[in-house]
Amino acid sequence: MTTVDRVMVLLSSLGTQLDERDECKVEWHEIIRGMTSDHAVLINRQHRGGSMMLPGESMFILEVQPAGYVVYAANQAEKAAEITLIDVRAVGAHGRLTLSGREADVEEAAAAALAAVQNPAVI
């Protein structure tokens, strides 16, 4: 069973059709390269969930609307590269994903996350 088939089964069990969903809109995304130790400390103080950013790593931030799509983007980013999920917030109108890692890994994860939310046939 493909991902699209699974989504269709889930939506039909909820009484919803695929074309009734809100379309995902990427509000903002950016890769910040070469985090300094001062920046890493500030980010780590905000997010006390256990995942820490290390100095010298790159950071990717993605903001989408509606918020639920950010969870799927985070899942695809983790599958694509060896990264650290710093924060995933799917509460409210906008969802925000923050991840870090080596520059090449972050670029690969960012591409996977963006491709996931920009391809409405899959999600």
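The following dialogue examines how terms are applied to this predicted model.

Modeller: In this predicted model, local features need pLDDT of at least 70 and side-chain atom pairs count only at pLDDT 80 or more, while totals for chains, interfaces and linings use all residues. Residues are numbered from 1 along each chain as its sequence is written, and side-chain values use heavy atoms, with hydrogens and water left out.

Biologist: What makes β1, β2, β4 and β3 an open sheet?

Modeller: Strands are DSSP runs (E, at least two residues) and helices are DSSP runs of H or I with at least four, numbered from the N terminus. Two strands pair if DSSP finds at least two bridges between them. Seven bridges join β1 (residues 25-32) to β2, seven join β2 to β4 (residues 95-101), and five join β3 (residues 84-89) to β4. The pairing is antiparallel, in the order β1-β2-β4-β3. β1 and β3 stand at the edges with a single partner strand each, so one side of each has no neighbour in the sheet. Direction ignored, neighbouring strands are turned by 10° against each other on average.

Biologist: Why is Thr98 called buried?

Modeller: Buried means under 20% relative accessible area, exposed over 50%, and partly exposed in between (1.4 Å probe, protein chains only). Thr98 has a relative accessible area of 6%, and is therefore buried. Thr98 is found in strand β4. Contact means heavy atoms within 4.5 Å; leaving aside neighbours within four places in sequence, Thr98 is in contact with residues including Met59, Phe60 and Ile61. Strand β2 (residues 58-65) is mostly covered, with seven of its eight residues buried.

Biologist: How do you know that Val106 is buried?

Modeller: Val106 has 0% relative accessibility and so counts as buried. Val106 is found in helix α4. Beyond neighbours within four places in sequence, the contacts of Val106 include Ile31, Phe60 and Leu99.

Biologist: What makes a set of residues a nonpolar core?

Modeller: The members are buried Ala, Val, Leu, Ile, Met, Phe, Trp, Tyr and Cys residues joined through side-chain atoms within 4.5 Å. Of the 19 residues in the largest such core, Phe60, Leu62, Val64, Leu97, Leu99 and Ala113 touch the most other members. β2, α3 (69-80), β4 and α4 (103-118) each give two or more residues to this core, and the largest share, six residues, comes from α4. A second, separate core of six residues includes Met35, Ile43, Met59 and Ile61.

Biologist: Is Met35 buried or exposed?

Modeller: Met35 has a relative accessible area of 7% and is therefore buried. The place of Met35 is in the loop between β1 and α2 (37-46). Met35 and Pro55 are 20 residues apart in sequence and 5.4 Å apart in space, C-alpha to C-alpha.

Biologist: Why is the pair of Glu103 and Arg33 called a salt bridge?

Modeller: A salt bridge is a side-chain nitrogen of Lys or Arg within 4 Å of a carboxyl oxygen of Asp or Glu. The closest N and O atoms of Glu103 and Arg33 are 2.8 Å apart, and the pair forms a salt bridge. Glu103 lies in helix α4 and Arg33 in the loop between β1 and α2, so the pair ties together parts that are 70 residues apart in sequence. Glu103 is partly exposed at 39% relative accessible area, as is Arg33 at 43%.

Biologist: What is the distance between the closest N and O atoms of Glu63 and Arg96?

Modeller: The distance is 2.7 Å, and Glu63 and Arg96 form a salt bridge. Glu63 lies in strand β2 and Arg96 in strand β4, so this pair joins parts 33 residues apart in sequence. Glu63 is buried at 17%, whereas Arg96 is partly exposed at 35%.

Biologist: How many salt bridges does a search of the whole structure find?

Modeller: The search finds five.

Terms used: Axes are lines fitted to C-alpha atoms, for helices over the stretch in contact, and angles run from 0 to 180 degrees between N-to-C directions.
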